[in-house]
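This briefing covers helix packing and ligand contacts in one protein model. Please have the sequence and the 3D view open while reading.

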Amino acid sequence: MKKHMEGKSVVVTGAGRSIGRAIALEIAKMGGSVVVNDINKENAESVVTELKELGVGAVVNTDSISSWDGANNMIKQAVDAFGRIDAVVNNAGILRDVIFHKMTKDDFDEVVDVHLRGYFYVSRAAATYFRNQSSGAYVHMTSTSGLIGNFGQANYSAAKLGIAGLSKSIALDMKRYNVRSNCIAPFAWSPLVATIPTESPDQALRVERMKRMTPDKVGVVAAALCCDKAAHITGQIFAVRMNEIFLMGQSRPVRSVHNGEGWTVDSIFETAMPALEKNMYQLDRSQDIFSWDPI
Ligand SMILES: NC(=O)c1ccc[n+]([C@@H]2O[C@H](COP(=O)([O-])OP(=O)(O)OC[C@H]3O[C@@H](n4cnc5c(N)ncnc54)[C@H](O)[C@@H]3O)[C@@H](O)[C@H]2O)c1
């Protein structure tokens, strides 16, 4: 493998297991040094051991990304340990799934604190370095739960769609400093997906196929976006599902109606809504759109 990340230093949040660990390993395979951030110290230490076996620099950071000081500390740790910071992969995440009408303030706040505030804190901490050195890459994990929809995830969907907005704004604001920012909506087998029932043979077969969505498939795309070869790619949202990579759409007008005299409530329902309804979206969930087995 080409050493595209040789001499570079990356902070990967939530890198103690699953997708974050896979991203850290792919960066290390390309010669990059990694700050392995995770609130789970044991997992972070074990990933650091794996990275060091690949011959790269690796250090543990156990700060929570939901802490402003912690976020600044993990970026400073990269600079202290490796002399620089070239990329930030915002990957850490938690779920507090509950149907909306039973969702508590804590359910909402805890998820927004990690996914939206945390991703901002870590990104902002690196921005000062990126600006001063006129280079840098951000990769943020979003989700089709936010981009498309899912049951019982109002907190998570709101935060993940917020991350897409955060990434686009960073891409716009920091382009002048050669800084890029992209999102990935990953699909990977995880303890969460493992809760799907396997009572019928059909369900069992489906789960077996889903187990093939290994985190390394996401890791390689995230690592690629950190390379200099991706210097021209910014403001994009990708989805990664096993061996498929999707470029996701971004919100644009799909149809318009115009009334030179201005609309009334009656004319809205007589003319505007019937015309617009032809293009309205169904109440789709992620699995309605990604309806085929992972390939
Ligand atoms: N697995 C999927 O199919 C899937 C789908 C859509 C989006 N995602 C997103 O991808 C990312 C990784 O998901 P995963 O399946 O690997 O999850 P995971 O739960 O296996 O790993 C997340 C890691 O983040 C760490 N973490 C949690 N809160 C933290 C904090 N405040 N500070 C630092 N670390 C923290 C956890 O300890 C854990 O090791 C998440 O952002 C998730 O929302 C995953």
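At what angle do helix α1 and helix α8 pack, and how far apart are their axes? In this predicted model, α1 (residues 18-29) and α8 (residues 215-226) pack at an angle of about 50°, and their axes are 7 Å apart. The points below take up this pair, two further helix pairs and the ligand.

**α1 and α8**

- The two helices, α1 and α8, are therefore oblique to each other.
- The crossing in which α1 passes α8 is right-handed.
- On the α1 side, the contact is made by Ser18, Ile19, Ala22, Ile23, Glu26 and Ile27.

**α1 and α2**

- Helix α2 spans residues 41-53 and packs with α1 at an angle of about 20°, with the axes 10 Å apart.
- Because angles under 35 degrees count as roughly parallel, α1 is described as roughly parallel to α2.
- Here too there is a right-handed crossing, with α1 passing α2.
- Arg21, Ala24, Leu25 and Ala28 of α1 are in contact with Val47, Glu50 and Leu51 of α2.
- The residues of the contact of α1 with α2 divide into five nonpolar, no polar and two charged.

**α3 and α4**

- Helix α3 (residues 68-82) packs with helix α4 (residues 105-133) at an angle of about 40°, and the axes are 8 Å apart.
- That angle makes α3 oblique to α4.
- α3 and α4 cross in a right-handed sense.
- From α3, the contact residues are Trp68, Ala71, Asn72, Met74, Ile75, Lys76 and Val79.
- From α4, they are Phe120, Tyr121, Val122, Arg124, Ala125, Ala126 and Tyr129.
- The contact of α3 with α4 comprises 11 nonpolar residues, one polar residue and two charged residues.

**Ligand surroundings**

- The ligand is surrounded by 27 residues, and the closest are Arg17, Ser18, Asp38, Asn91 and Tyr156.
- Lys160 places a polar side-chain atom 2.9 Å from an oxygen atom of the ligand.
- For Ala188, a backbone N or O atom lies 2.9 Å from an oxygen atom of the ligand.

How values were computed
Residues numbered from 1 in each chain as written. Predicted model: local features only at pLDDT ≥ 70, side-chain atom pairs only at ≥ 80, totals over all residues. Heavy atoms only, no water. Axes fitted to C-alpha atoms, helices over the stretch in contact; angles between N-to-C directions. Helix = DSSP H or I, 4+ residues; strand = E, 2+ residues; numbered from the N terminus. Parallel < 35°, antiparallel > 145°, perpendicular 65-115°, else oblique. Left-handed = near helix turned anticlockwise from the far one by under 90°. Contact = heavy atoms within 4.5 Å. Near = heavy atom within 4 Å. Polar contact = N/O pair within 3.5 Å; in protein donor to acceptor, adjacent residues only side chain to side chain. Nonpolar A, V, L, I, M, F, W, Y, C, P; charged D, E, K, R; others polar.
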